[in-house]
Each structure stands twice: as structure tokens, then as C-alpha cells.
Amino acid sequence: ALSRQVGRTLARALPWPEGPSPPPPCAPLGDAELRGFLGPGGRLLRPHALRLRVFHGGVEPGLRKVVWRYLLNVFPAGLSGQERLQHLRLQAGEYAALKAALAARVAPVEAALVAAAVRKDVVRTDRAHPYFGGPEEGNPHLEALASLLTTFALAHPRLSYCQGMSDVAAPLLAVLDDEAQAFVCFC
């Protein structure tokens, strides 16, 4: 009942562009259905339709690594599968270059202050999740999360770091399992 009421409230507040009400929730997006959104060479043909489909049903966990990059606008429009792989490699290189430039440019005291603020939240990351479980010291996933967030904060000094950013970045890192790609998605 509560779900129906929320649906009616949202339908009134956010009119559906293609009719009076949104379609009912459906099963998560699977691999075969995702292929229906892709054309020759793996180009995404209907980005808006993909967004709506995911909104109404979610994504199977095994496809999140792929679909989240579309949803978070990581890829410029119209890239083929091969071009997306090249784009990902380019972004990883840009992230490494950004980290190196920040290390050379930012005063050590400033970097330490930001890193300390980030670390306070990172150690509170859901440690029951297998990806972030284990010892706090030397945990490569916690270190990657801290590095990603510190890099973001130093690269965006007007925003810097705000409590809770780790709650957004942690699922990205856990699903993508790649610091550079999680950074790009977080941005």
C-alpha cells in the first residue's frame, strides 16, 4: 500500500513523459536485454530508454560494472565497444597523471589534512561487506578508497571532502574494482 501511495505521489509530482503513469517495476536488466540497447559495434543506441529501464527494474549485479558507466556518463555518446575500452585506458592514464601532479603541486601539510579527514570516514566503511572486510591497516581496498577520495578532494579544492562521500564512492569501487574507474564514475 505504501509503495502504491509513493508511486501515485511521484506520478503527480513528476509527470511521466510518455503517458499518465510510469510502468510498473520489473525484473532487473539482464545481459540479453542490455544487448537490445546496443547496436553495431556495441554502440549504445537508446541511452534514455536504458536509464528508464534501469530506473524501473535495476541491474543484475554482474552487469553493474558495465551499466553504471553508461548511467554515470563515463563514455561520450556513440562509442563502439573497442572505443570504450580505449577511453577507459585513457581515463586511467589521466587519473595517474592527476595523482602525480597533485603530489608535486599540493603542500604536504594540506595533503595530510585532507587525507586525515578522508581516513576518518574510510575506516567507517561497511566493514561487513566482503570487499572492505579484513584488517584496517594494509587493506588494499580501504587504501584505494582513501586514495580516490583524497585525490578528488585535492583536485576539487572548492568542494574538498565532505563527510559521506565515502558512502557514494565505496559501492563504485566495490563493483568496478578499479580505483581509476571508480574515481571517474565518482566525478
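**Helices, loops and selected residues of a predicted model**

Q: How many helices and how many strands are there in the protein chain?
A: The model is predicted, so local features need pLDDT of at least 70 and side-chain atom pairs pLDDT 80 or more, while totals for chains, interfaces and linings use all residues. Residues are numbered from 1 along each chain as its sequence is written, and side-chain values use heavy atoms, without hydrogens and water. Helices (H or I, at least four residues) and strands (E, at least two) are DSSP runs numbered from the N terminus. On that basis the protein chain has nine helices and zero strands.

Q: What pattern does the protein chain follow along the sequence?
A: The protein chain has helices and zero strands. Read along the sequence, its pattern is therefore α-α-α-α-α-α-α-α-α.

Q: What percentage of the residues of the protein chain count as buried?
A: Relative accessible area sets the class: buried is under 20%, exposed over 50%, partly exposed in between (1.4 Å probe, protein chains only). Among the 187 residues of the protein chain, the buried share is 35%.

Q: Which percentage of the contacts with a separation of 6 or more comes from residues 24 or more positions apart?
A: A contact requires heavy atoms within 4.5 Å. Among contacts in the protein chain with a separation of 6 or more, the share from residues 24 or more positions apart is 61%.

Q: How many disulfides are there by this rule?
A: The rule asks for a pair of cysteine sulfur atoms within 2.5 Å. By this rule the count comes to zero. Cys-185 is in no disulfide, because its nearest cysteine sulfur, that of Cys-187, lies 9.4 Å away. The number of disulfides is zero.

Q: Is Cys-185 buried or exposed?
A: The relative accessible area of Cys-185 is 5%. Because buried means under 20%, Cys-185 counts as buried.

Q: Which residues is Cys-26 in contact with, leaving aside neighbours within four places in sequence?
A: Cys-26 sits in the loop between helix 1 (2-13) and helix 2 (31-35), and at 37% relative accessibility Cys-26 is partly exposed. Its C-alpha is 9.3 Å from that of Val-54, 28 residues apart in sequence. With neighbours within four places left aside, the contacts of Cys-26 are Arg-53, His-56 and Gly-57.

Q: Which residues does Val-59 touch, not counting residues up to four places away in sequence?
A: Val-59 lies in the loop between helix 3 (47-57) and helix 4 (64-71) and, at 8% relative accessibility, is buried. Not counting residues up to four places away, Val-59 touches Pro-28, Leu-29, Val-54, Arg-64 and Val-67.

Q: What is the phi of Ser-160?
A: Most residues other than glycine have a negative phi. Ser-160, in the loop between helix 7 (140-155) and helix 8 (165-176), is partly exposed at 23% relative accessibility. Although Ser-160 is a residue other than glycine, its phi is positive, near 55 degrees.

Q: What is the phi of Asp-177?
A: Asp-177 is placed in the loop between helix 8 and helix 9 (179-186). At 47% relative accessibility, Asp-177 is partly exposed. Asp-177 is not a glycine, yet its phi is positive, at about 50 degrees.
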